[in-house]
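Thanks, everyone. Please have the viewer open, and I will walk through the chains and their contacts.

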Amino acid sequence: MSDTILEVTDLKTQFYTERGVVRAVDGVSFDVKQGEIVGLVGESGAGKSVTTSSVLRLIEEPGEVVGGEVDYMGRTIVGFEDTGEELVPRDEMLTEAQMRDQIRGNEIAIIFQDPMESLNPVYTVGGQVKEFIELNRDLSGEEAKEEAIEMLRRVGIPEAAERYGDYPHEFSGGMRQRVLIAMALGCRPNLIIADEPTTALDVTVEGQILELVNDLQAEFGTSFIWVTHDMGVVAEICDRVNVMYLGQIVEQGPVDEIFHDTQHPYTEALLNSIPRPDRTVDDLEPIEGTMPSARSPPSGCRFHPRCPDAREPCREIEPAFEQVAETADGAAHRASCLKHEEVGYWEAEPLEVEVEK
Amino acid sequence: MAIGEQQTQEDEDSGSEFEPNVGWRHTLSKIKDDTTARFGLYVIAIVGTVAMVTTIDANLSTITFGRVENFTLAESVWYHPERHPDPGTTERRMPPFFVEGGSLEHPLGTDRNGRDYISRLVYGTRVSFFVGIVATGLGMIGGTIVGAVSGYYGGWVDDVLMRAVETLYAIPPLVLVIVFTVFVSGGDPDIIYAVFGVGIAFIPVFARLIRSRVLSVREMDYVEAARATGVKDRDILRRHVIPNSFAPVLVLATLQIGVTILIVAGLSFLGYGAQPPTPDWGEMLRISHQYMHSNPWMSIWPGLAILITIMGFNLFGDGLQDALDPRIK
Amino acid sequence: MSVTEALADVEMGETLLEIEGLTKHFQSDTGLLAGVFGSEVVEAVDDVSFEIAKGETVALVGESGCGKSTLARTILQLIEPTDGRVAFKGVELTERSQREIRPLRRDMQMIFQDPQSSLNPRMKVGQIIEEPMKAHDMYTKTERRERAKELLERVELKREYYNRYPHEFSGGQRQRINLARAMATDPDLIVCDEPVSALDVSVQAQVLNTMRDLQEEFGFTYLVISHDLSVVRYIADRVAVMYLGHIAELAEKEELYENPKHPYTQALLDAIPIPDPRSRDARGTLEGDVPSPIGPPSGCRFRTRCPSLIQPDELDLSPDDWSQVRRFTRAVQRRTFVPEYPDEDAGLPVGEITDAVDADYFPEGRPDGEAGDIIDEVCRSIADREWDDAQKLVTERFEEASICATERPQYTIPAEFGTGDHDVSCHLHRDDAI
């Protein structure tokens, strides 16, 4: 169960806009092991979705993956070599056709936030699931249809056979999200990237979907990368968590450590800023200011202008992303904060946090 | 595009520096980057300048024509476009100077009454511009009011207004012009009736366009916010609904000016527009088509003038559309 | 006497807004010919009553489609109610025309969910904030300008933002501009429609704190509409849980969160993911989808999904038997129980069906009496492939015969926390009612 299936190392994706280069993903490293749910959490603008799109090489103009490695079970999805002048893609990097035929859909599937936009309104739901299965697995039309109905039933769609011929608008939001999950699972992928799949749903429906994912994951052993901004969802289903801020992962570790042995001030601040459903909080501690633009990120530690713990060195020294704490089962718990480095953080004066609201 | 859009969205959310995508400055800068739109604007500017300059000149010439005649430049090039020359002083239906029988005195030749063709053509610009802008403006203002009121209030107001507009839409402009001419003047055709008729005939086009925009704009939260805060309906229409629905109307108006010029030229050709001796391109075509064989240039010049003017407005309108459409970035 | 003069002075803690039997039914088709062909009625809000005292924060929570936004807009008379009355500071809004209500809007303002679309992109921030004052002819031009700048400071923005356009601001900042606009006329009531749900979590907290500070300073009364129970727990004093156009439960915050009585509230609270991996398994799930508001369930609207539906009086089953019957009912309704029919058209012998049903749903033996007879009949229908009959039968006999379907529950019970009443619309608590 602990085989690493996806390894992302120092991934960099940039967008070239009229007003400068946006370093949307700037040196992100993480991995996914067989059968686990890995969370990718952060606020909007943190680069979560760009990261997952880069992993599937779905970045389009004006964006480009400019560096780093993505290795999926020995196959190179992204890989560069240094010719001395510039980085060029290595030969073993999969071609676009190989990505399409071998990776996307049948090995790594993706579920998007808005199920209405992911389903074509003019085709029946069943037909779309069936087509997707046909494309990615060697099944005849009749078999694919049976498999599609079976998958729809598995994800909890009542009267699955009867509703096979219904159109997307005849389904509720939660049901549509179930259809997308059926579609993704129907191709028996090894890894599913779920990009905020429950954000648009009501809590009770979200609960249904999360429970479904837990059940299906136990049954099929599929791995997940779960992209979300909701710390509650992360706590609910993730095994390991990556916290992103402004294009970088600032903290990475097992879910319990992230919540109960928090090592990065951003994660800490994020946890303190959310209202709790299970107890009455008298005063929320918001994170001051807003996330700066990825076009001109702050020097040193990117979080320092908003960090309650920022001190003088944070302004200049870029913290390294390193192992910072022991974990119970030996899994890595990394964070990039100068608190954990020998750079004179503790001797320095605290910075005055001055932010624009 | 999904990824790109996401990026812009994320940019917005992160509260970084924004590029203004509303306002005149933005629109103008877009047009500046668009070669065809710029070309269209130049054509409009040139034709427009010609139209304005000749307005002054024409006034001078009608009031104190004699003095202008004494002016050497006027004597050589500008001939009064409406006055019939004395018999025998100029040749009739003279071809342009580069054709045998032509002379530089009348660079584009003369019409069947011996009047200078180029000065008639140039004065025709004024008529066309007046016709295009006034008729389109009439349609635009009328249509905007009708459409905005109809879309904003909805319900029976919408039903009544839109049925009326549809009825109007079913009547061809020519019929409107004829009805207008007959009822208002008792049958004496004049360009002013053509302008009014065409303007009214355009109301439905504008009304339907702005109504469809208003239907989506009125659902915007800022409109509801204004209602919730107690702003009067009239002010909501004026300050919120119309300004935010107006961009496509402006584009349509620009394109429509060209169409209007063409339609009124057609009406003049049929005799329901400009009346002799007013120099109008359509009217010039009406006269000249009898001489298609003997002197085709008489038809070519006004035709070219109409073509170039309409092209200018259309190119500019297209550019304006691109500049104002937030979807094309 | 003009309407503004009719406004009563309301002291802190006294009733500011009174809502009684408020109902809004939409016609699903409103064209000219709708009357001829008939149209369906969407029961968005149905017979809702509550009061809001000056200075308090009342939250309306519920999932999408529960009618909370419609209710808020109906209260503000932005949508004309079908029935019921709304009284604001002693003035009956429902009896007044839009023209008469307009001057009253000065005292009741609204904040919207979407920070993108709630500010006119073609107006400057200053104009936006001044608009409400202008609409009510308040102050002179220079005073308005000064006040707008002051308000910007109040919501923790800069005075210099006065001349900027909305698109230059982030979501959180735009929501602050919204707040400034709502405050401009110094209203009593501010209705906040999902004020922070479009914002990032860290920014949410900023805006929520600002809202709280302003309430303390100016004594605003908030009616907050939200789907987020965590946000509501932070900001509200009293909470009303809505489900499909009805208020399911209404109580003070502590009482509602710590002592929820309605099965829907319980399910809703159970469903929220708690940001703590150590309390993982606590999450429960509610089955099924929200029914359509066109022809919604009779009686208690939650009954079709309710895990604690009360058994009909004519049945006399033990709780265990009843829950088995419920499980069987759901299976028949959703046709999750599909026997292997031999071929396309033929049915099966009744015996096979009853055996399968007994094995799957009643391993301890089928209940006898009335319930047993009904189950027998259902099995016969299934054997004959008459699924519609089977579905109709279980629905009629096991669901619609229940008190939950025949009577609309409305009870007030004593609260365990705090001092207020606890309204709960659930027949389970009919014996506790006061």
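Predicted model: local features only at pLDDT ≥ 70, side-chain atom pairs only at ≥ 80, totals over all residues.

Annotations first. In chain A, an unreviewed UniProt entry places "domain: ABC transporter" on residues 6-271. That span is 38% helix and 30% strand. Its end C-alpha atoms lie 28 Å apart.

Now chain B. Here the UniProt annotation, again from an unreviewed entry, reads "transmembrane region". Residues 167-185 of chain B are 84% helix and 0% strand, with end C-alpha atoms 24 Å apart. Residues 246-272 of chain B are 89% helix and 0% strand, and there the end C-alpha atoms lie 32 Å apart.

On to chain C. Please find the sheet. It is open, has eight strands, and its pairing is mixed. Reading across, the order in chain C is S6-S7-S8-S3-S9-S10-S12-S11. Which strands sit at the edges? They are S6 (108-111) and S11 (411-413) of chain C, and each of them pairs on one side only. On average, neighbouring strands of this sheet are turned by 20 degrees against each other, direction ignored.

Zoom in on one pair. S9 (residues 238-243) and S10 (residues 246-252) of chain C are antiparallel, with six bridges between them. Within that pair, C:Tyr243 stands opposite C:His246 in S10(C).

Two helices lie across this part of chain C. H7 (residues 171-183) of chain C lies across S6 and S7 (189-193) of chain C. Its direction is about 170 degrees to S6(C).

Next, the contacts of chain C. Begin with the contact to chain A. Chain C puts in 42 residues, and chain A puts in 40 residues. On the chain C side, the elements giving two or more residues are H7, H8 (201-218), H9 (229-235), H10 (253-258) and H11 of chain C. Which of them gives the largest share? That is H8(C), with seven residues. By class, this side of chain C has 18 nonpolar, eleven polar and 13 charged residues where it touches chain A.

Now turn to the contact between chain C and chain B. It takes 28 residues from chain C and 23 residues from chain B. The elements of chain C that give two or more residues here are S6, H5 (125-135) and H7. The largest share of this side comes from H5(C), at three residues. The classes on the chain C side are twelve nonpolar, nine polar and seven charged residues.

Last stop, back in chain B. H10 (residues 221-228) and H11 (residues 233-245) of chain B pack with their axes 10 Å apart, at an angle of about 160 degrees. Angles over 145 degrees count as roughly antiparallel, so H10(B) and H11(B) are roughly antiparallel to each other. Their crossing is right-handed. Who makes the contact? From H10(B) come B:Tyr222, B:Val223, B:Ala226 and B:Arg227. From H11(B) come B:Ile236, B:His240 and B:Val241. By class, that gives five nonpolar, one polar and one charged residues.

Note on methods:
Residues numbered from 1 in each chain as written. Chains lettered and ligands numbered in written order. UniProt positions renumbered as here; feature names shortened; annotations may be inferred. Helix = DSSP H or I, 4+ residues; strand = E, 2+ residues; numbered from the N terminus. Pairing = 2+ DSSP bridges. Axes fitted to C-alpha atoms, helices over the stretch in contact; angles between N-to-C directions. Contact = placed C-beta atoms within 7 Å. Nonpolar A, V, L, I, M, F, W, Y, C, P; charged D, E, K, R; others polar. Parallel < 35°, antiparallel > 145°, perpendicular 65-115°, else oblique. Left-handed = near helix turned anticlockwise from the far one by under 90°.
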